[in-house]
Amino acid sequence: MAYSLINDGFAIVEGALSHPDLEELRGAVARLPSRHRGGARNLLQHSEFIAAMATAQPVKALADAALGADAFPVRALLFDKARAANWKVPWHQDTAIAVAERMDAPGFMGWSVKDGVTHVHPPADILERMVALRIHLDHCGLENGPLRVLPGSHRHGKLDEEEIEHWRRTTEEVSCCVAQGDVLVLRPLLLHASSPAQSPSHRRVIQVEYACGPLPAGLRWFERPTQTFPATTADSRKSRSAAFMPLHGSNSLPALQNPKASGLPTLKRRKRRASSRSCPATAFDLQASP
Ligand SMILES: O=C(O)CCC(=O)C(=O)O
């Protein structure tokens with residue numbers, strides 16, 4: 001059985017971005033005006049280039065494949081993990097969204113402000129209509145503290161501590177080891193964790209989160225890009241859109257929904273066990289779909 005976004009809550013799109021695209025993205029990351037140790041927030045606001053990338057091919061096509069053509073980016077973060085700027089995260093779901101302003105609404109709880117932006121935990125049905133694209137700017141092997149996931153855990157709404165512990169004990173985790181230019185497509189409700197990096201090299205990931213509809217009760221998403229770039233950047237905009245035209249094409253997209261339909265090599269899953277294993281992208285069992 002192949003990993004799929006629908007059944008397993010994640011998929012890895014290999015070689016989604018070309019080397020020139022990656023070089024440009026690395027440049028945009030280097031130009032970010034403010035950084036924390038380990039990353040940065042609000043990239044759609046702080047980087048015109050990253051905002052453009054999030055709404056252009058080939059990146060937007062991945063979000064569309066998951067959510068439909070109405071997908072739009074609502075938040076982007078940089079995670080830059082290395083031995084010198086390191087962390088681990090316990091098993092959790094991503095349950096916070098960024099909104100334009102606080103407005104009490106049924107089912108929206110746990111308001112907070114992060115880097116000046118209002119966040120809240122919405123009801124599960126909002127999160128079920130979202131997807132995150134983790135764009136890898138560097139190789140990420142086991143030594144780089146990759147994301148670990150529990151396949152299928154996204155299909156049961158928000159989980160409490162006891163349920164998380166049950167998933168942890170009964171489900172074989174998958175370590176998402178990927179190459180630079182690969183994109184890990186992830187449902188926010190998928191249980192995930194990560195361990196500290198052992199390697200001095202960087203593990204830079206741009207995580208762009210997409211939604212596909214308005215929020216209820218007058219709430220508004222934060223950072224919905226308006227695509228109004230200054231005229232003076234027209235030339236660079238032109239080269240940007242050329243850089244972000246479809247590269248690997250449409251044929252990798254059906255694999256997100258139904259790998260068997262694509263006819264492409266797919267990621268084969270072994271029987272679940274309550275143990276750990278690692279699955280570097282290059283070492284996944286690749287098999288052509290029947
Ligand atoms: O990139 C990582 O190591 C984990 C990030 C993460 O899980 C999160 O911030 O929700």
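These questions and answers cover the confidence, the ligand shell and some strand pairing of a predicted model. In this model, local features need pLDDT of at least 70, side-chain atom pairs count only at pLDDT 80 or more, and totals for chains, interfaces and linings use all residues. Residues are numbered from 1 along each chain as its sequence is written.

Visitor: What is the mean pLDDT of the protein?
Guide: pLDDT is the predictor's confidence in each residue, from 0 to 100. Of the residues, 76% reach 70 or more. Over residues 227-290 the pLDDT is below 50. The protein's mean is 81.

Visitor: Which strands each supply at least two residues of the shell around the ligand?
Guide: The residues around the ligand include F79, K81, H192 and S194. Strands are DSSP runs (E, at least two residues), numbered from the N terminus. The two suppliers are β3 (72-81) and β12 (192-194).

Visitor: How many residues of the shell around the ligand are charged?
Guide: Asp, Glu, Lys and Arg count as charged. The shell also has four nonpolar and three polar residues. The charged count is two.

Visitor: Which residue in the turn between β6 and β7 has a positive phi?
Guide: Two strands pair if DSSP finds at least two bridges between them. β6 (residues 109-114) and β7 pair in the antiparallel sense over four bridges. K114 stands opposite V117 in β7. Two residues lie between the strands of this hairpin, and the one with a phi of about 50 degrees is D115.

Visitor: What is the bridge partner of V99 in β7?
Guide: β5 (residues 97-99) and β7 (residues 117-121) pair in the antiparallel sense over three bridges. The partner of V99 is T118.

Conventions: Near = placed C-beta within 6 Å. Contact = placed C-beta atoms within 7 Å.
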